[in-house]
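Here is a walk through one structure, from a sheet to a chain contact to a single residue. Keep the 3D view open while reading.

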Amino acid sequence: MNIGYYPGCALHGSSNDYEQSLRACLGALDVQLQEVKDWICCGATAAHALNHKLSLALPARNLALAEREGHKQLFAPCPLCSMQLLKVQKAMAGNGLRAELSQIVEADLRGDGQVLNLIQVFQTVGLDKLKTAVKEPLKSITAACYYGCLLTRPPEVVHFDDFEQPKSMEAVLAALGAKTVEWSYKTECCGAGMPMASEDTVLDLAHKILSNAAAHGANCVVVACPMCHVNLDMKQAAVEQRYNKKLGMVIYYLSDLVGLALGLSAEQLGVNRHFVTKA
Amino acid sequence: MDALREISLAEGMVAPSQQPIVAFQQAFLDNIRRNGRLAELELIAQFKTAVFFRTGRLAFLFKDASLAPQLGKRKKLHFLPGKVRDRKVVERIFAKC
């Protein structure tokens with residue numbers, strides 16, 4: 001299966017372990033990623049907080065590039081990038097923005113492609129197929145599936161899963177033979193891109209998320225977002241220091257666990273490059 | 001919500017406690033206007049310098065510096081990040097918005 005691929009800045013930056021993980025994992029499932037040529041930043045939180053038109057134009061350029069290359073499906077592994085692309089498609093539908101955005105981004109936009117997040121890629125592969133491909137069932141994993149803000153919200157934009165009680169990630173983990181827990185923070189915010197600009201906010205939110213996962217019996221947290229991973233993994237030592245509490249919670253990308261179940265090694269997936277690793 | 005943020009910024013009504021967040025977001029957009037994609041180390045330098053000049057907090061410049069070697073060990077630091085080939089189109093998009 002070939003799909004268009006929009007990595008976004010984080011996966012070519014300090015979250016390159018996520019890209020390593022999903023390339024290894026999807027390669028094992030015979031999913032070939034075709035990276036959109038000369039893609040640009042989607043503008044992230046900065047654009048939608050400071051300049052609404054820019055927050056539409058930047059992802060619109062990427063949609064247009066993907067359409068020009070003929071991609072019917074575009075995989076964006078960062079939920080913020082994914083939501084931004086979907087937001088443009090919604091804005092273009094019916095209110096005349098298509099012509100204006102095409103003029104701004106200097107490329108014709110159709111807005112008819114399908115934007116996929118990581119969970120949807122696994123759904124497209126097929127959970128039955130995934131189940132039969134499992135070589136190492138994840139019997140020791142009891143995971144708290146963490147969706148964060150943007151995998152399921154805003155619901156009128158992303159139209160994915162139940163936006164308050166999502167279950168799609170749990171279904172993937174069930175196919176891998178892993179257990180999951182019911183917990184209270186699966187769609188709470190982790191502080192997103194604010195670890196430097198508002199560290200107190202991030203540490204407070206990460207502390208609540210990690211503590212709640214542990215209190216409900218999870219031995220790891222699973223994410224499908226680079227920023228969620230940064231805040232829960234890289235910042236975990238700062239959380240432990242601030243709250244004088246040992247957490248030691250391993251944070252996996254969803255593709256890490258799929259890859260491990262498929263028989264790939266931690267090194268192949270980049271799990272050894274996380275900050276919190278299994279002892 | 002985003003509209004209120006834009007209005008408060010335009011009218012100079014951003015609360016002092018939120019100034020670092022605005023500085024970060026402005027540095028972020030400046031960065032992608034120049035490069036097309038985010039150059040993380042350049043963003044950190046620009047953001048920390050902006051906060052230092054706004055607040056005079058010298059310690060802020062060096063906060064989190066201890067993370068650098070840990071990121072380097074994990075091959076997560078990129079001194080020469082990839083740039084967009086057609087950066088002029090990025091500049092024109094910014095100019096039209």
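Two strands count as paired if DSSP finds at least two bridges between them. The model is predicted, and that criterion is applied to its coordinates.

Begin with the sheet in chain A. Strand 5 of chain A covers residues 142-145, and strand 6 of chain A covers residues 179-180. Two bridges link them, in the parallel sense. Strand 5 of chain A also pairs with strand 7 of chain A, residues 220-223. Here there are three bridges, and the strands again run parallel. In general, strands of a sheet pair through backbone hydrogen bonds, either parallel or antiparallel.

One residue marks both pairings. A:Ala143 stands opposite A:Thr180 in strand 6 of chain A. A:Ala143 also stands opposite A:Cys220 in strand 7 of chain A.

Now widen the view. The open sheet in chain A has four strands, in the order 6-5-7-8, with parallel pairing. Strand 6 and strand 8 (250-253) of chain A are the edge strands, each pairing on one side only.

Next, turn to the contact between the chains. Chain A puts in 30 residues, and chain B puts in 34 residues. On the side of chain A that touches chain B, the elements giving two or more residues are helix 3 (44-50), helix 4 (52-68) and helix 6 (97-105) of chain A. Helix 3 of chain A gives the most, with seven residues.

Finally, go to chain B and pick out B:Asn35. This residue lies in helix 2 of chain B, residues 19-35. Is B:Asn35 buried or exposed? B:Asn35 is buried, because 20 other C-beta atoms lie within 10 Å. The cut-off for buried is 20 or more. Which residues does B:Asn35 touch, leaving aside those up to four places away in sequence? They are B:Lys83 and B:Val84. B:Arg85 is 50 residues from B:Asn35 in sequence. In space, the C-alpha atoms of B:Asn35 and B:Arg85 are 9.1 Å apart.

How values were computed: Residues are numbered from 1 along each chain as its sequence is written. Chains are lettered from A and ligands numbered from 1 in the order in which they are written. This is a predicted model: local features need pLDDT of at least 70, side-chain atom pairs count only at pLDDT 80 or more; totals for chains, interfaces and linings use all residues. Two residues are in contact if their C-beta atoms, placed from the backbone, lie within 7 Å. A residue is buried if 20 or more other C-beta atoms lie within 10 Å of its own, exposed if 12 or fewer, and partly exposed in between; C-beta atoms are placed from the backbone.
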